[in-house]
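User: Hello! I am new to this structure and would like to go through it step by step. Please take my questions one at a time.

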Amino acid sequence: MDDHGESAALSAGLSGALTAFGHRLMARVYYADTDFSGVVYHARYLEFLERGRSDYLRLAGVHHTELLDGKHGERIVWVVRRMEIDFRSPARMDDIVTIDTRTEDISGARIFMAQQLMRGGEVLVEAKVEAAIVGESGRPRRFPKEWIAAFMPKASD
């Protein structure tokens, strides 16, 4: 069945977009994201933030499936080492939220990212994330040089 080009149009915005500061993704808050009061359950914010980081990686050319397949000589995985979150205001069912992700620094095997989840111009959640890449042995693996250019901001925010 021909979809008349709809699949390409729909998937074009699915991963958000790279920006001058990093990455931006929009998402809708669904009933499943909320608690009994209709506001986003605190742990669900982690999932929104994860989607922002994962799609940033994907658009920067780093694909989780390729890492698991050993594209860089061994299987590599990302691990979150530390996360600091400030919950400022709740998101609610049916809100459209924007997740902004930017790289603040890369050091050895670690990447330091800052994220904001917003509704319109209002910052709802801010997070600082330290992630690392580790090999099959579980030991940290140095960041590939070609990734540094892909992840470091091209302009200040």
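User: Happy to start: in which helix is the place of Asp55?
Analyst: A word first on what you are looking at: this is a predicted model, in which local features need pLDDT of at least 70 and side-chain atom pairs count only at pLDDT 80 or more, while totals for chains, interfaces and linings use all residues. Residues are numbered from 1 along each chain as its sequence is written, and side-chain values use heavy atoms, with hydrogens and water left out. Helices (H or I, at least four residues) and strands (E, at least two) are DSSP runs numbered from the N terminus. On that basis, the place of Asp55 is in helix α2.

User: What is the bridge partner of Asp86 in β6?
Analyst: Two strands count as paired if DSSP finds at least two bridges between them. The antiparallel strands β3 and β6 are joined by ten bridges. For Asp86, the bridge partner in β6 is Glu126.

User: How far from a polar atom of the Thr34 side chain does the backbone oxygen of Tyr31 lie?
Analyst: Thr34 sits in the loop between β2 (23-28) and α2 (44-59), and it counts as buried because its relative accessibility is 13%. Beyond its neighbours within four places in sequence, Thr34 is in contact with Val29, Val39, Val40, Tyr41 and Met93. Between the backbone oxygen of Tyr31 and a polar atom of the side chain of Thr34, the distance is 2.7 Å.

User: What is the phi of Asp94, which is not a glycine?
Analyst: Asp94 belongs to the loop between β3 and β4 (96-107), and it is exposed because its relative accessible area is 52%. Its C-alpha atom is separated by 10.0 Å from that of Thr34, 60 residues apart along the chain. Although Asp94 is not a glycine, its phi is positive, at about 75 degrees.

User: Which residues are linked with Glu47 in a network of salt bridges?
Analyst: A salt bridge is a side-chain nitrogen of Lys or Arg within 4 Å of a carboxyl oxygen of Asp or Glu. Glu47 forms one with Arg44, with the closest N and O atoms 3.3 Å apart; both lie in helix α2, three residues apart, about one turn of the helix. The residues linked with Glu47 in the network are Asp33 and Arg44.

User: How far apart are the closest N and O atoms of Arg141 and Glu74?
Analyst: Arg141 and Glu74 form a salt bridge. This pair links distant parts of the chain, 67 residues apart: Arg141 is in the loop between β6 (122-134) and α4 (145-151), and Glu74 is in the loop between α3 and β3 (77-87). Arg141 is partly exposed because its relative accessible area is 24%, and Glu74 is partly exposed because its relative accessibility is 25%. The distance between the closest N and O atoms of Arg141 and Glu74 is 3.7 Å.

User: How many salt bridges does the structure hold?
Analyst: Another example is Arg119 with Glu122, whose closest N and O atoms are 2.9 Å apart. For the whole structure, the number of salt bridges is 15.

User: Finally, how much of the chain do buried residues make up?
Analyst: Among contacts with a separation of 6 or more, 64% are between residues 24 or more positions apart. Of the 157 residues in the chain, the buried share is 38%.

Technical notes:
Buried < 20%, exposed > 50% of the residue type's maximum accessible area, 1.4 Å probe, protein only. Contact = heavy atoms within 4.5 Å. Polar contact = N/O pair within 3.5 Å; in protein donor to acceptor, adjacent residues only side chain to side chain.
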